[in-house]
Amino acid sequence: MRLALLSDLHIGMHRRGLVQPMLDALADARPEHIIVAGDLVQRARRELFAEAEAILDQTGLPWLCVPGNHDIPLMNLPARLLWPFHDYVSSVPGPKEPLLELPGLKIVGVNSTFPYRWRNGRITQRQIDRVRHLSRTGPVMVVQHHPISLLPGETKELMLNAEEALKAYDEAGVSLVLTGHLHHFNTASSASGMTQIHAASALCDRPEDPPNEFALLDVEPEGFRLTRMIAPKDGADFQPQPPIMLPKRR
């Protein structure tokens with residue numbers, strides 16, 4: 001089984017010329033599902049969510065998403081505090097914390113956005129307990145926007161309760177944690193074998209970012225094969241990189 005892992009499309013501040021190459025690369029790779037780790041849009045407006053939905057629907061593939069901080073209002077304080085997901089739920093199929101059970105991998109979505117802490121988010125004990133409960137059987141990949149650990153040299157602040165989540169996920173036997181937010185790809189593994197995949201941005205046009213990319217995840221009997229698909233700054237195609245093997249913990 002093959003999945004496509006996307007994050008931080010930031011529709012509204014994206015490289016429009018890279019949309020069709022991304023769709024072409026997804027068509028060539030033939031994943032069975034698309035998983036999006038938040039920040040579909042740059043600003044939480046209905047027309048941008050509709051554009052993001054239209055792009056993802058062109059793949060003809062089922063897709064699931066968790067919210068990122070850009071998917072809730074920033075400047076409209078009443079909207080952010082009173083109905084933060086009003087426009088998000090109009091375009092994104094399924095719940096804000098989806099659960100997808102596939103052969104060989106259970107995908108658990110966690111909504112790490114927090115309207116009172118727009119940029120940095122939080123996770124609650126209830127959410128941690130849900131992941132722990134769903135991790136009792138079979139390999140699990142948690143998908144959330146905010147990381148549970150930071151990259152070396154990163155200056156962004158961790159979400160509230162990130163350290164508790166990292167410890168609980170690891171103890172529960174979670175295999176993979178897919179996060180976005182940082183726009184820099186990296187992987188980080190615990191001593192017991194849990195791997196956090198820091199996804200880069202698939203389409204965001206922020207000048208200081210590294211090249212856009214997404215990833216393909218092949219679920220194999222003995223582990224996971226992760227293939228980065230990178231679009232060079234001066235190029236127009238997503239090019240596959242040598243695959244990375246990641247362990248499966250159950």
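Predicted model: local features only at pLDDT ≥ 70, side-chain atom pairs only at ≥ 80, totals over all residues.

Reader: Which other backbone oxygen lies 3.0 Å from a polar atom of the Asn-212 side chain?

Author: That of Cys-204.

Reader: And where does Asn-212 sit, buried or exposed?

Author: Asn-212 is in strand β10. Helices (H or I, at least four residues) and strands (E, at least two) are DSSP runs here, numbered from the N terminus. Asn-212 has a relative accessible area of 2%, so it counts as buried. The cut-offs are under 20% relative accessible area for buried, over 50% for exposed and partly exposed in between, with a 1.4 Å probe and protein chains only.

Reader: What is Asn-212 in contact with, leaving aside neighbours within four places in sequence?

Author: Its contacts (heavy atoms within 4.5 Å) include Arg-15, Leu-18, Met-229, Ile-230 and Phe-238. Ser-201 and Cys-204 are on that list too, along with Ala-202 and Leu-203.

Reader: Ser-201 again. How far is Leu-182 from it in space?

Author: Leu-182 and Ser-201 are 8.2 Å apart, C-alpha to C-alpha, and 19 residues apart in sequence. Leu-182 lies in strand β7, residues 176–183, and counts as buried because its relative accessibility is 4%.

Reader: OK, new topic: salt bridges. How many does the structure hold?

Author: There are 14, counting a side-chain nitrogen of Lys or Arg within 4 Å of a carboxyl oxygen of Asp or Glu. One of them joins the side chains of Arg-2 and Asp-218, at 2.8 Å from N to O. Arg-2 is in strand β1 (residues 2–6) and Asp-218 in strand β10 (residues 212–220), so this pair ties together parts that are 216 residues apart in sequence.

Reader: Are those two buried or exposed?

Author: Arg-2 counts as partly exposed, at 25% relative accessibility. Asp-218 counts as buried, at 12%.

Reader: Which residues share salt-bridge partners in one network?

Author: Take Glu-97 and Arg-126, whose side chains meet in a salt bridge at 3.4 Å, N to O. Glu-97 is in the loop between α4 (88–91) and β4 (99–102), and Arg-126 is in helix α5 (residues 125–134), 29 residues apart. Arg-130 forms a salt bridge with Glu-97 as well, with the closest N and O atoms 4.0 Å apart. Arg-130 lies in helix α5 and Glu-97 in the loop between α4 and β4, so that pair ties together parts 33 residues apart in sequence. Shared partners join Glu-97, Arg-126 and Arg-130 into one network.

Reader: Is Glu-97 buried or exposed?

Author: Glu-97 is buried, with a relative accessible area of 17%. Arg-126 is exposed, at 53%.

Reader: What about α6: which residues there are buried?

Author: In helix α6 (residues 162–172), the buried ones are Ala-162, Ala-165, Ala-168, Tyr-169, Asp-170 and Ala-172. Their cover includes α5, β6 (140–143) and β7. Gly-173 follows α6 and has a positive phi, near 90°.

Reader: Last bit, the whole protein. How many helices and strands?

Author: Six helices and 13 strands. The C-alpha trace spans about 40 × 40 × 35 Å along its principal axes. Of the 250 residues, 58% count as buried. Among contacts with a separation of 6 or more, residues 24 or more positions apart account for 69%.

Note on methods
Residues numbered from 1 in each chain as written. Heavy atoms only, no water. Polar contact = N/O pair within 3.5 Å; in protein donor to acceptor, adjacent residues only side chain to side chain.
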